[in-house]
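Welcome! Open your viewer, get the selection tool ready, and follow along stop by stop.

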Amino acid sequence: MLHYREGMNMLLNTDVIIIGGGSTGCGIARDLALRGIPHCLIERYDFASGATGACHGLLHSGGRYVVNDPEAAAECISENMILRKIGEKCVEPTGGLFVRLPGDSKRYRDNFLRRCAATGIPTEVLSPSRALDLVPNLNPSLEEAITVPDCSIDPFRLCMLNVTSSEKRGGEILTHHQIIEIIKEHGRCVGVKAQEQTTGDIKEIRGKVIINAGGAWSDRIATLAGNKVRLSLSKGSLIIANHRLTNMVLNRLRPASDGDLLVPNEAVCLSGTTSLTVENPDDLEVYPSEVDMLAREATAMVPEFGTTRLIRTYAGVRPLLSADTDDGREISRGFRIIDHRDGMLSIVGGKLTTYRLMAEKMTDTVMDIFGLKTQCTTAEVPLEGQEELSGYPLSKRLKDISDIICECELVNRHDVERVAQKVGTRHIGDIQHRTRLGMGPCQGGFCTYRALGIMQETGKMTPQESTRILKEFLQRRFKGIKPALWGDQLREEQLVESIYLGILAMEQEQ
Amino acid sequence: MNRTTYDAVILGGGMSGLMAALALIGKGKRVAVVSKGDPVCCLSTGCIDVLLHENNPLAGIDSLPENHPYRLVGEETIAASLEMFTEIMGETQFPYRGDTGTNRTILTPMGTKKITCLVPETMEFADCHPDEYIHIISFNNIKDFYPSYITSRYQNSGRSTFNTEVASTAAIAERFEEEAFRGEFIAWLKGQDIPDGKIALPAVLGTRTTGKIYDEISQELARPIFEIPTLPPSMPGLRLFRTLKNTFLGMGGSIYWGRDISSVEKLGAQLEALTLSNQGRATRVQGKAFVLATGSFVSGGLYAAMDSIEERVFGLPVHIPEEREHWFKDNFFTTGHAIERAGIEVDSSFRPIDSPYENLFACGSILAFSEVMKYGCGHGMAVATGFAAAQKCEEYIQ
């Protein structure tokens, strides 16, 4: 561990600098740690702040890609089997169904089954009644359903658990640090300057190799070193419904298109996605037309979705390998490692499901550079730190029911205080990701005020800071809800508005 | 099936419905209130916001848009309605303070100041000046109250924490109803070394005998004490609702609680009766006149579908202020979202426009153009329109 005085510019030497705390960056940190390579991971916000945290939380079986991109599908099924083994506390083996509705092509279905068999994705064809037995909310007029080993995965937890291995072995983790400069000497990258977002303190980190795992932002990072990463940015929007309407992942059995996916996640379920090319990954907006379309498509598979309250919309950016086509879906979901030949390596493309494989290949590349031979063990060693997690059973959480701060996700005061005490916790998001506070039906409408109150009472932040964060949070929350405001959600939103503007008078102040 | 006939049947047991019910029963009418459940005023601060307008809320009525419900009521009637409200509450354990011609502020749990007009007695001293000392009392483990939000804004302040086993405001309020608990609390408070000034605590001073509890603590401590309204469930909101409801019952009013309206009977241009259902048991409630006070979206009087807005009981025409994508502005911290203008348009006698019933009146937040958040007229608008609609309803019954 590093020790330094507050406000002092500090210098840190390491071997490998990883830029980006998404699943890829965190996976690389774990792999380097297990192979004994000193490293430092630098993330602009919190872990999983980019595409990782804004994805649908699906651990692919490969079924979605098997017809168009069998190679990616093969990677998916192999990684799927590995992750459910090493990460049982962040993977929920729900199983998945590909649902064929009236009018969906029978030829695609035959092709799908043939390709799954060839790729090693286990399937079983179910009659409508057997499918309804598994997922009672399914559209009863379905033609048939095909099982696949899809899972639901918690991307925040996944990142956190990967980082745990790194922290245990002395890896340096700097969240809320923005890279402001990549230091080059004699044409080679030798380090970075990173600025702490809240204090403005600048740290200089020196390393032998710099890994750019910046996802949608990797071209910007590469540019700091005078390099280029050709990316195609594809926005995917999702909507969250208030209930867990299905216990299995549901895919539409047809060529990949908008709104063909429904994923259960704890108490809620997500419908996605869309695919729109964007220029700026920092400025994402979900359009009401996307919300309407996603709700319509989800309702086709699960009619109940149409009358269920939508609690939030969000969008992420897929950093796809660039190709000369306008449709993000046509671009390979594969990944690539780019050696800029100046000490910087970029890793682009890929997907959450294959994050571990990407990390393995990247770490292999680093080992080659260092001339070391230690083999990768990330596929065999279970993720560390899982024993501290409650896991999914509700029964375990109910045991600790007293003093609940977040009623939707049953997070108690002790959980919030414990996370608040941890080094690096500065933002409400840090607590949300680590405890699931505010992730349920009310989306933090009630508990955020409480969590920030606890943080300031424990001296973790000043009341001014917590008020500022509360305002930022409410604004961000509102942005996510606004495109889907009708029905019961509109009702809930007006209640939240009356609390923060009416009772707490947070508007009169401005 | 039960059969009962009333002079007036009020649909909705919130602020405006209960005010209409009280106004009518005060005139000797036979009145029934039909409600689906506890109203949203239970979630409020309990304060009566009249209008955000400089210092004198009533003086601002004329500058409101012409179609605002307050304009239909008129300044004089608004003042009369608030007077009636204050009189009713004055007879109970929950008297109100304030002057309808003057706005005042109360302290919020964020340490901000909320502008309002009439306040529960327990908030009489909540108008704080930066130079006076405020001592904040909290309770360990309380979920919805964090004194540092306030002490950080008031340099001249201090705090003490009283230990209770219970964490919710409702549970603490219940304990304050116990004499032994109060004794213990007062003894502890006297033992604290508190500089001269005011003492503030979250709104937990009982639910039934608040007046007595407040007097006792104020006298023992011999200094100004005030409550700070907390997040829902809010004790002052709950007290307000229960008091109005109990007063109505005490005057001989009938209440059908927890009922859904399952059918509506029409005779010519008259609304004849409602059938209420409660777990399979049907009740027919007949009335000479009816008052629709089912509230806006939060209360469920209005419902927004993806591209339309419905009035839930009669399917009355609703004023829809624009297309869905323009219902809300981008900034959460602004009021005046277009959706706030949605609701039922009424004529000068508070009858819904284009209504098939000549004996149906409407009041409260279901009214179009009320924009309660923008104009800061929560509860004030309900009290005034409830009172005014009752007057028109009474004229009609005669």
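Before the first stop, one term: two residues are in contact if their C-beta atoms, placed from the backbone, lie within 7 Å. This is a predicted model, where local features need pLDDT of at least 70 and side-chain atom pairs count only at pLDDT 80 or more, while totals for chains, interfaces and linings use all residues. Residues are numbered from 1 along each chain as its sequence is written, and chains are lettered from A and ligands numbered from 1 in the order in which they are written.

**Stop 1: where the chains touch.** Colour chains A and B separately. Here 38 residues of chain A are in contact with 34 residues of chain B. Now select 113-116 and 148-151 of chain B: these are β5 and α4, and each gives at least two residues to the side that touches chain A. (Helices, H or I with at least four residues, and strands, E with at least two, are DSSP runs numbered from the N terminus.) Of these residues, β5(B) supplies the largest share, 3 residues.

**Stop 2: the domains of chain A.** Select 10-50 + 156-230 + 332-370 for domain 1, 83-152 + 232-321 for domain 2, and 393-503 for domain 3. These bounds come from an automatic or database domain assignment. The C-alpha centres of domains 1 and 2 of chain A are 31 Å apart.

**Stop 3: between domains 1 and 2.** In chain A, 11 residues of domain 2 are in contact with 14 residues of domain 1. Which elements give two or more residues to the domain 1 side? Select 155-168 and 344-349 of chain A to see them: α5 and β22. The largest share, 3 residues, comes from α5(A).
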